[in-house]
Amino acid sequence: MSEITPVISATGLYTPPETITNDELVASFNAYVELHNSRNAAAIAAGEVEELQPSSAEFIEKASGIKSRHVMSKAPTLDPETMGPRWPERSNDEISVMAEIGVKAAQDALRAAGRDPADVDAVLCAASNMQRPYPAMAIEIQQALGIEGFAFDMNVACSSATFGIQTAADFIRSGNARSVLVVSPEICTGHNNMKNRDSHFIFGDVATAVLVEARDMAPAQHWEIVGTRLKTVFSNNIRNNFGFLNAATPETIGTPDKLFVQEGRKVFKEVVPMVATMIVEHAGDLGIEPASLRRLWLHQANSGMNRLISQRVLGHEANDDESPTVLDTYGNTSSAGSIIAFHLHNSDLAAGDTALICSFGAGYSAGTVFVRKVA
Ligand code: COA
């Protein structure tokens, strides 16, 4: 029996309407710092509590390349008394927040492919955090879209979407599905510690969707999946200890290690060579000359990391055309980042162009998806 070829038929994007600029974020953070320092003045003077230092918009842009980010809940995130997203709790009869934005991104992808949801066989919700353990977000998204078949959640942090693409492609190759939606709703502000100066600026919120299908049912304009590869190497340098065994006690809720924490410098130093080597080796195995890649849609965590990775892959510093950024306006959106870059910056490529979607992040985890434009 000949193998069925999986392709990317379309992508979709949901961008929350509210944004927070670096200046707005820093004004809020610095108001929180002043409050903290004045409320704890005596303890700080006695050496019992650490005096907090202000943040700076110049530092943020220089260290990360981020200028602004889209968010789901602006006012509570900027309020020095809350410093995080808040929304009214929804009843079980209402669609949950993650599913709602996932559905919007999925509908965008289905529209772009001209696909009737009845023809989709499976939904994977691939994201770095799930709103609840069960029922799966993916099953709620499946139900809202009117899709039959099966759905499940998967979490590989910043690499969730590329791991989802390979999983979907494998389902198609094996004949277990012909049309699979990989949906990545990433509400990263909900697991960031907005009171931590080192990382309060990193994240934004978004949802993306990728429709992976058997070639014989895909629209004429699609992307051949030339090859996918996944890699994981355990590291504590990006970690979030929130979980069902520690979430329920007042002592543990909201403590710093139950949110995103990282050793940013170590991540930078260790992940850049790991990912650059992985891309070059995978390209070699596929018979692709790395320097010939028309575009790199890299994970959007830090502009410096992307500069170094693209330099090692292409042999020269990439320009915006070779390695477009969405980090400046979206911030780090975890697994959605490279998919946003692909979604927004692919229409100018020509038939036959070969390019790369690549993610990397906590785990460590990394995924490479080489694609070639068809028609
Ligand atoms: N405003 C002003 N100064 C700040 C600051 C802020 N918000 N945050 C940190 N600083 C200060 C630090 O205190 C430090 O001061 P010092 O030199 O006097 O000690 C200095 O700026 C440098 O801090 P550092 O944390 O070493 O910055 P960095 O250049 O490593 O940049 C990251 C920080 C997070 C942007 C960077 O390490 C990074 O992007 N790493 C990649 C990892 C990543 O993005 N992971 C996301 C998940 S995939």
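Two strands are taken to pair if DSSP finds at least two bridges between them, and helices (H or I, at least four residues) and strands (E, at least two) are DSSP runs numbered from the N terminus. On this basis, strand β6 is joined by nine bridges to strand β7 (residues 205–214), the two running antiparallel. The model is a predicted one, in which local features need pLDDT of at least 70 and side-chain atom pairs count only at pLDDT 80 or more, whereas totals for chains, interfaces and linings use all residues. Residues are numbered from 1 along each chain as its sequence is written, and side-chain values use heavy atoms, with hydrogens and water left out.

The pairing of β6 with β7 is part of an open sheet of nine strands, whose order is β5-β4-β6-β7-β1-β8-β13-β12-β11 and whose pairing is mixed. The edges of the sheet are formed by β5 (150–154) and β11 (295–298), each of which pairs on one side only. Neighbouring strands are turned against each other by 25 degrees on average, direction ignored, where the axes are lines fitted to C-alpha atoms, for helices over the stretch in contact, and angles run from 0 to 180 degrees between N-to-C directions. Within β7, Glu-213 is the bridge partner of Ser-179. Strand β4 (residues 122–126) runs parallel to β6 and is joined to it by four bridges, with Val-182 of β6 as the bridge partner of Leu-124. Elsewhere in the sheet, strands β8 (residues 222–232) and β13 (residues 365–374) pair in the antiparallel sense over ten bridges, and Thr-228 stands opposite Val-369 of β13.

Burial was assigned from relative accessible area, with buried meaning under 20%, exposed over 50% and partly exposed in between (1.4 Å probe, protein chains only). Strand β6 (residues 179–187) is largely enclosed by the rest of the structure, because nine of its nine residues are buried. Both of its faces are covered, with Ser-179, Leu-181, Val-183, Pro-185 and Ile-187 buried on one side and Val-180, Val-182, Ser-184 and Glu-186 buried on the other. Helix α11 (residues 337–344) is likewise mostly covered, six of its eight residues being buried, namely Gly-337, Ser-338, Ile-339, Ile-340, Ala-341 and Phe-342. By contrast, Glu-281, which lies in helix α8, counts as partly exposed at 48% relative accessibility. The C-alpha atom of Glu-281 is separated by 24 Å from that of Asp-320, a residue 39 positions apart from it along the chain.

A polar side-chain atom of Ser-55 lies 2.9 Å from a nitrogen atom of the ligand, and a backbone N or O atom of Ser-56 lies 3.2 Å from a ligand nitrogen atom. The side chain of Arg-197 places an N or O atom 2.7 Å from an oxygen atom of the ligand. Of the 960 Å² of accessible area that the ligand has on its own, the protein covers 71%, as computed by the Shrake-Rupley method with a 1.4 Å probe, only the protein chains shown counting as cover for residues.

Most residues other than glycine have a negative phi, and most peptide bonds are trans. The peptide bond from Tyr-134 to Pro-135 is cis, with omega near -5 degrees, and Pro-135 is placed in the loop between β4 and α6 (137–145). A cis bond also joins Gly-363 and Tyr-364, with omega about -10 degrees, Tyr-364 being found in the loop between β12 (354–361) and β13. Met-83, although not a glycine, has a positive phi of about 55 degrees; this residue is in the loop between α4 (74–78) and α5 (97–113) and counts as buried at 6% relative accessibility. Ala-375, also not a glycine, has a positive phi of about 65 degrees, lies in the segment after β13 and counts as exposed at 53% relative accessibility.

Notes. A polar contact is a pair of N or O atoms within 3.5 Å; within protein, one must be able to donate a hydrogen and the other to accept it, and residues adjacent in sequence count only if both atoms are side-chain atoms.
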